[in-house]
Structure formats: structure tokens, C-alpha cells
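Keep the viewer open as you read.

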Amino acid sequence: METRFVNEALESAIDDLNDRSLECIETRFAKLVYLASTRDYNTGHYHHEGLARRFGEDISEKALAETHRSIFDALALLPIETLVEELERYVHSTRVPYEEVLDAWYNLEPYRVIVPAGYEQLLIETFVSDVRVALAILLTRQRKQR
């Protein structure tokens with residue numbers, strides 16, 4: 001009985017997270033970045049004040065982690081052409097000059113820290129490699145437009 005309650009609470013927390021926090025975020029990359037930002041880089045624990053108040057810290061953390069993994073899975077398995085489109089939409093959504101974001105992402109590699117913890121290294125390496133290729137494509141396009 002308790003497991004059923006926890007599962008229902010977790011589903012409710014995930015729905016709440018999607019309906020309240022993620023609904024207004026336009027791109028999957030932006031959602032991935034947002035969810036990664038709810039994770040403490042020192043401990044790996046997730047925290048979202050509103051979810052924690054409503055569902056408790058444990059359920060909140062599980063909802064954030066599960067949603068983070070789900071969005072990562074969706075991006076990590078995209079064909080490169082689609083990943084390029086997703087990344088381009090994200091870069092435009094940042095409201096920072098396009099080339100500045102591309103350069104920062106290419107040089108600083110923040111996409112390495114937006115990966116959820118506990119994944120197979122091969123999938124992580126594939127994602128990182130694919131994002132790097134997508135960035136190179138977008139940078140090449142940008143330079144050709146100048």
C-alpha cells in the first residue's frame with residue numbers, strides 16, 4: 001500500500017513539475033539546463049522549493065531526477081540533424097547573442113554538467129560528442145552567414 005502511495009505521489013509531483021515549472025520552457029535543451037540547475041553539484045541532490053513544500057523533499061528529488069533523465073533520454077537519442085535543430089532553438093531562446101552562446105558552449109562545454117548522474121558512460125560520451133558536432137555545424141553556418 002505504501003509503495004502505491006509513493007508512486008502516486010511521485011506521478012503527481014512529476015505532473016506538477018511539468019505543468020508549473022517546465023510548461024513555459026520552450027525547448028528540451030532549456031528544460032535539461034533548468035533541471036540540471038536544480039541539482040547541487042557538490043552532492044548530486046536535486047532541490048525545488050515549491051515541489052518540496054508540496055510533496056516533500058524525497059518525492060521532489062525523485063521527480064526532478066526522473067524528469068531530468070527522461071528529457072536527457074529524449075535528446076540523447078535524437079538523430080544529429082534533429083539535435084542541431086533542438087540546439088539552435090535553445091540558443092535562440094537564451095536571448096543572449098547567438099554567436100556568444102555558441103562560442104561559450106563550444107569552449108566551456110557546459111553540456112557536460114547538464115547530463116543526469118548515473119548513466120552509462122557510452123551514452124554520456126555519445127551525447128557529448130553529438131552536441132559538440134551540432135555546435136560545430138551551427139558555428140560553421142554562422143560563420144558562412146557573415
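Leaving aside its neighbours within four places in sequence, which residues is F55 in contact with? The answer is A9, S12, A13 and D16. F55 itself lies in helix 3. Take S12 from that list: 43 residues separate it from F55 along the chain, and their C-alpha atoms are 8.6 Å apart. Bear in mind as we go that this is a predicted model.

Now zoom out to the whole chain. There are seven helices and zero strands, so reading from the N terminus on, the order is simply α-α-α-α-α-α-α. Along the principal axes, the C-alpha atoms fill a box of roughly 60 × 30 × 30 Å. Of the 146 residues, 40% are buried. Look at the contacts between residues at least 6 apart in sequence, and you'll find that 71% of them join residues at least 24 apart.

What about the outside? The accessible surface of the chain comes to about 8600 Å², and carbon and sulfur atoms account for 50% of that. As for charge, the chain carries 17 positive and 26 negative side chains, with the centres of the two sets 5 Å apart.

Are they buried or exposed? H48 has a relative accessible area of 15%, and because that falls under the 20% cut-off, H48 counts as buried. H47 comes out at 37%, so H47 is classed as partly exposed, the range between 20% and 50%.

Their surroundings are worth a click or two. H47 makes two side-chain polar contacts with glutamates: one to E49 at 3.0 Å and one to E57 at 2.8 Å. E57 also turns up when you leave aside the neighbours of H47 within four places in sequence, in a contact list with T38, A52 and L64.

H48, for its part, has a side-chain polar contact with the side chain of Y34, at 3.3 Å. Beyond four places in sequence, H48 is in contact with L17, S21, Y34, S60 and L64. L64 is on the H47 list too.

Two of those partners of H48, S60 and L64, lead us into helix 4, which runs over residues 57–76. Helix 4 has 20 residues and reaches 28 Å from its first C-alpha to its last, close to the 28 Å expected at 1.5 Å a residue. Its buried residues are I59, S60, A63, L64, A65, T67, H68, I71, F72, L75 and A76.

Most residues other than glycine have a negative phi. R95, though, has a positive phi of about 65 degrees without being a glycine, and E109 does likewise at about 55 degrees. R95 is found in the loop between helix 5 (80–93) and helix 6 (98–108), while E109 is in the loop between helix 6 and helix 7. With a relative accessible area of 76%, R95 is exposed, because the cut-off for that class is over 50%.

That brings us to helix 7, residues 121–145. Its 25 residues should span 36 Å at 1.5 Å a residue, and its end C-alpha atoms are 36 Å apart, so the two values agree. The buried residues here are I124, F127, V128, V131, A134, L135, L138, L139 and Q142. What do they pack against? Their partners are helix 2, helix 4, helix 5 and helix 6.

Let's finish on Q142, which lies in helix 7. Why is this glutamine classed as buried? Because its relative accessible area is 17%, and the cut-off is under 20%. Leaving aside neighbours within four places in sequence, Q142 is in contact with Y98, E99 and L102.

Key: Residues numbered from 1 in each chain as written. Predicted model: local features only at pLDDT ≥ 70, side-chain atom pairs only at ≥ 80, totals over all residues. Heavy atoms only, no water. Helix = DSSP H or I, 4+ residues; strand = E, 2+ residues; numbered from the N terminus. Buried < 20%, exposed > 50% of the residue type's maximum accessible area, 1.4 Å probe, protein only. Contact = heavy atoms within 4.5 Å. Polar contact = N/O pair within 3.5 Å; in protein donor to acceptor, adjacent residues only side chain to side chain. Areas by Shrake-Rupley, 256 points an atom, 1.4 Å probe, with all protein chains shown as cover. Lys, Arg positive; Asp, Glu negative; His and termini not counted. Charge placed at Lys NZ, Arg CZ, Asp CG, Glu CD. Expected span 1.5 Å × (residues − 1).
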